[in-house]
Amino acid sequence: MTTLRLILAYLRWRPLQAALNLLLMAVGVATLVVVLLFGHQIEERLQRDARGIDLVVGAQGSPIQLILSSVFHADIPTGNIPEETVERLREHRLVAGVIPLALGDSYRGLRIVGTEPAYIDLYGGKPAAGRLWERAMEAVAGADAAARAGLAPGRTFSGTHGLLADDHGGHVHDYAPYTVVGVLEPTGTVLDRLILTPVESVWHVHDEEAGHRHEENHGHEAVADDPDAAPRELTALLVRYRSPLAALALPREINREPGLMAASPAYESARLMEILGFGLDTVRAFAWVLVGAAALALFIGLYNALRERRHDLAVMRTLGASRLRVFLWIISEGVLLAVLGAGLGLLLGHGAAEVLGSWLGAVRQVPFTGTVWLPGELWLLAAAAGIGALAALPPAIQAYRTDIATTLAER
Amino acid sequence: MIEMEGVAYRYRGGDEIAFPDWRVETGEQWHIRGPSGCGKTTLLHLIAGLLTPQRGKVAVLGTDWGTLSGGKRDRMRGRHIGIVFQRHHLLPALTVKENLLLARSLAGLPRDSARVHQVLERLDLQHRAGARPETLSGGEAQRASLARAVINGPQLLLADEPTTALDDTRCGQVVALLRELAREHGATLLVASHDRRLEPHLERALTLTETRSEAAA
């Protein structure tokens, strides 16, 4: 009979105690797994979405808000900037490329982004169906956006004023419908959950809206007013440097201009992770407390089991078991319980992450999944094994020192 | 088979127990008798290598226990000595069959299901092979304990008060079984008991008293 069979037999003999130990360890490890997956996926996502963008230029306000709204499309923009900023920056000697973004409307909670084809190229987007736009009011849907809103080439839709998912009740621009001309392949980036259109579309919709309001206020003769008279505006510009030296001069130069602000995605992402990291660290600390409680329960369980099994150990010694063998038996039991608990915790953690991911995806459009496995999780298993061995050490030492003759004489 | 010379043992805080010089030949069957507290169980534990005397020498199967390291003692005990306790001391988490297999495993012997079945059949326990100790009757538990003691084919069979709680009929049956099993395995049998009912069954006796000990044939 192997040590493993012996351990399993004793676990089956006291199933409730074993189940409690497993569960405690599993809950602690599952929480750690969720934190690990969340931190990893958020960081990876931030890096992927910000790749190829050295600087974001937008209206003055919070730099984090500018990055969140223009790079990750997760917040409202800081405001608008004049259209001519694009040309000025494109002509700047330190700038290699500029991609304009015009935001303001959404469709079923999905952002409509007025931009240029270079934005799609930035994330390696390619049409899976249809084509890219050729004129204003044509739109291309990202893979997730198309699936969520049922968009396909040939379909038309009208944007709603506002960017947030809960802006469903906003004003619908039904006088200026978009026509879907293409759907993009999945890229695993922010592009997947956007609806893209030329910048001119966004201007057109809002020009129409201005005309519409004018018409409502002053009667039909007012339509004759030229909507082009309104100044053209953009929400943000995604800038690529010509050389790393630009990082020193360009942001300072832009920040000196009235109404403009430059923010570095790399710097702001790091700041964001720092802020987010504090929350994650708190949850992680709580998870380690749970693991600590599991280790304590394991220790108490094994200690009580040892008291219950003193005679069994003594009998095993009379049958030829060495001191080392009974010592290893107890240690192995602690390690096995902890590793089984941690294994269960990994499964639980991934299951919970997947459920959480479905909810976040549906409610907050935050992509998060439990199907990703990280090498760091092996360390969790190793740590659990170490904790199990440590919890089993005092009872194992006591088992090692058991005096057979005295123990047998106790009954 | 067994040689004892000048052996004395003292428990912590207790008086020293001195044992007579004693020699047991292979295949002999002995009754170690005497009143409670005279050292019968201690003598069995010394012979089994579970205790180390403060003075004197205990040699079993030609090997002085004092010359063996802890691990070698354990291996020798598991391989060559079978012990029957007053209570069955079967491991409660294991079935009868698993208790026997564990005894083989701890002695470093290969798993031998045929041997296990043979021993269980010999003791009329084959139908209880998968039963846990708590479900066995008193007689079944005692036979299972005997089965475990002989599963490795021991050369020395030690029994500590195996009949104390039994009625006359069961007492006779147990001693007869012990003797038969020892004979079948060619093992030397030592039964430590204050139970006078054993006297007619075992031809040799070692009587321990608190003041002196004597061997009688």
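In this predicted model, helix H9 of chain A meets helix H12 of chain A through A:Trp288, A:Val291, A:Ala295, A:Leu298, A:Phe299, A:Leu302, A:Tyr303 and A:Leu306 on the H9(A) side, while H12(A) contributes A:Ala383, A:Ile387, A:Gly388, A:Ala391, A:Ala392, A:Pro394, A:Pro395, A:Gln398 and A:Ala399. The axes of H9(A), residues 265-308, and H12(A), residues 376-400, lie 9 Å apart and form an angle of about 25°. Because angles under 35 degrees count as roughly parallel, H9(A) is described as roughly parallel to H12(A). The crossing of H9(A) and H12(A) is right-handed.

Chain A is divided into two domains, whose bounds are listed below.

| Domain of chain A | Residues |
|---|---|
| Domain 1 | 3-45 + 273-409 |
| Domain 2 | 55-263 |

Taken over C-alpha atoms, the centres of domain 1 and domain 2 of chain A are separated by 50 Å.

The largest nonpolar core holds 153 residues, of which A:Tyr119, B:Trp22, B:Ile47 and B:Leu190 touch the most other members. At least three residues of this core come from domain 1 of chain A, and at least three from domain 2 of chain A. Leaving aside neighbours within four places in sequence, A:Tyr119 is in contact with A:Ser70, A:His73, A:Ile99, A:Leu101, A:Val190, A:Leu191, A:Leu194, A:Leu196 and A:Leu238.

Terms used. Residues numbered from 1 in each chain as written. Chains lettered and ligands numbered in written order. Predicted model: local features only at pLDDT ≥ 70, side-chain atom pairs only at ≥ 80, totals over all residues. Heavy atoms only, no water. Core = buried A, V, L, I, M, F, W, Y, C linked by side-chain atoms within 4.5 Å. Buried < 20%, exposed > 50% of the residue type's maximum accessible area, 1.4 Å probe, protein only. Domains from an automatic or database assignment. Contact = heavy atoms within 4.5 Å. Axes fitted to C-alpha atoms, helices over the stretch in contact; angles between N-to-C directions. Helix = DSSP H or I, 4+ residues; strand = E, 2+ residues; numbered from the N terminus. Parallel < 35°, antiparallel > 145°, perpendicular 65-115°, else oblique. Left-handed = near helix turned anticlockwise from the far one by under 90°.
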